[in-house]
Amino acid sequence: MIPRMQFKKEKKKMAILDAAEKIIAKRGMAGMTMGQVADAADVATGTLYLYFKNKGSLLAAVNARLNREVNHYMQQKMSLHQAGSEKVRAMGQATVEFFMGNPQKWKAVTELYQMKFQDPQDPHVQDFLEVTDEMVQMMANGYRQGIKDG
C-alpha cells in the first residue's frame, strides 16, 4: 500500500476512535451506537466495520489507546527517578495528573473499566490485553525495585 493511502486510513481510524471516546465519555458504553460514532467521525456506518468487526472491537480499541496514553505518560514520569519508591510515587502522581488534565478520558476509561470481552481472539481485544499487561509489568517493576532498594 502506498504511504499516502496508509496515512489516510490511519487518520480515519483515529477520527473513529476520537469520536467513540467522546461518545463513551458523554453517554457511556451502552449509550453509544455505531451509527452515532460514524456520524461523529464523518464516515459511513459501513466504514466502521472495515476497521472494527463490532462494537466490542471498537470499545477494546478505544480502551487500548487510552491505556497506551496513560502508560506513556507514566513511563515519562517514572524515568525522571532512580529509586523504586520514587518511581512508584511517580506512577500514582502521573495517573492522577493525566486524568485531571483529561477529564473526558477519565470518564471514558471509568466507563470502559466495566467492559466484558465477547471475543478474546479479536485483534483489538488482544491489543488491549497487551497494553494492560505492559502497565501491570511497569508497576510491578517499580514495586520490585522499591522492595530491592529497601
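Tyr 73, Phe 98, Phe 99 and Trp 106 form one aromatic cluster in this predicted model. With that group in view, let's turn to some other rings.

**Exercise 1.** Work out how the rings of Tyr 51 and Phe 52 are arranged, stacked, edge-to-face or tilted.

*Solution.* Start with what to look for: a pair of aromatic rings is described by the distance of the centres and the angle of the planes. There are 5 aromatic pairs by the rule that centres lie within 6.5 Å. For Tyr 51 and Phe 52, the centres are 6.4 Å apart and the planes stand at 40 degrees, so this pair is tilted. Next, check the surroundings of each ring. Tyr 51 has a relative accessible area of 17%, and because buried means under 20%, Tyr 51 is buried. Phe 52 has 0% relative accessibility and is buried.

**Exercise 2.** Describe the pair formed by Phe 117 and Phe 128, and say which parts of the chain it ties together.

*Solution.* Take the geometry to begin with: the ring centres of Phe 117 and Phe 128 are 5.2 Å apart and their planes are at 45 degrees, so the pair is tilted. Then locate the residues. Phe 117 sits in the loop between helix H6 (103–112) and helix H7 (123–149), while Phe 128 belongs to helix H7, so the pair links parts that are 11 residues apart in sequence. Finally, look at accessibility: Phe 117 is partly exposed at 32%, whereas Phe 128 is buried at 11%.

**Exercise 3.** Find out where His 124 is located and which residues it touches.

*Solution.* His 124 is found in helix H7. With a relative accessibility of 13%, His 124 is buried. Leaving aside residues up to four places away in sequence, His 124 touches Lys 13, Tyr 51, Phe 52, Ser 57, Ala 60 and Ala 61.

**Exercise 4.** Determine how helices H1 and H4 are oriented to each other and what kinds of residues make their contact.

*Solution.* Two packed helices are described by the angle between their axes and the distance between the axes. The axes of H1 (residues 3–27) and H4 (residues 55–78) come within 10 Å and cross at roughly 90 degrees. The two helices are therefore roughly perpendicular. Now see who meets whom: residues of H1 including Met 14, Leu 17 and Ile 24 meet residues of H4, among them Leu 58, Val 62 and Leu 66. By class, the contact of H1 with H4 has 10 nonpolar, no polar and 3 charged residues.

Definitions and conventions
Residues are numbered from 1 along each chain as its sequence is written. This is a predicted model: local features need pLDDT of at least 70, side-chain atom pairs count only at pLDDT 80 or more; totals for chains, interfaces and linings use all residues. Side-chain values use heavy atoms; hydrogens and water are left out. Rings of Phe, Tyr and Trp (its six-membered ring) pair if their centres lie within 6.5 Å; planes under 30 degrees apart count as stacked, over 60 as edge-to-face and the rest as tilted. Buried means under 20% relative accessible area, exposed over 50%, partly exposed in between (1.4 Å probe, protein chains only). Helices (H or I, at least four residues) and strands (E, at least two) are DSSP runs, numbered from the N terminus. Contact means heavy atoms within 4.5 Å. Axes are lines fitted to C-alpha atoms, for helices over the stretch in contact, and angles run from 0 to 180 degrees between N-to-C directions. Angles under 35 degrees count as roughly parallel, over 145 as roughly antiparallel, 65 to 115 as roughly perpendicular and the rest as oblique. Ala, Val, Leu, Ile, Met, Phe, Trp, Tyr, Cys and Pro count as nonpolar, Asp, Glu, Lys and Arg as charged, and the others, Gly among them, as polar.
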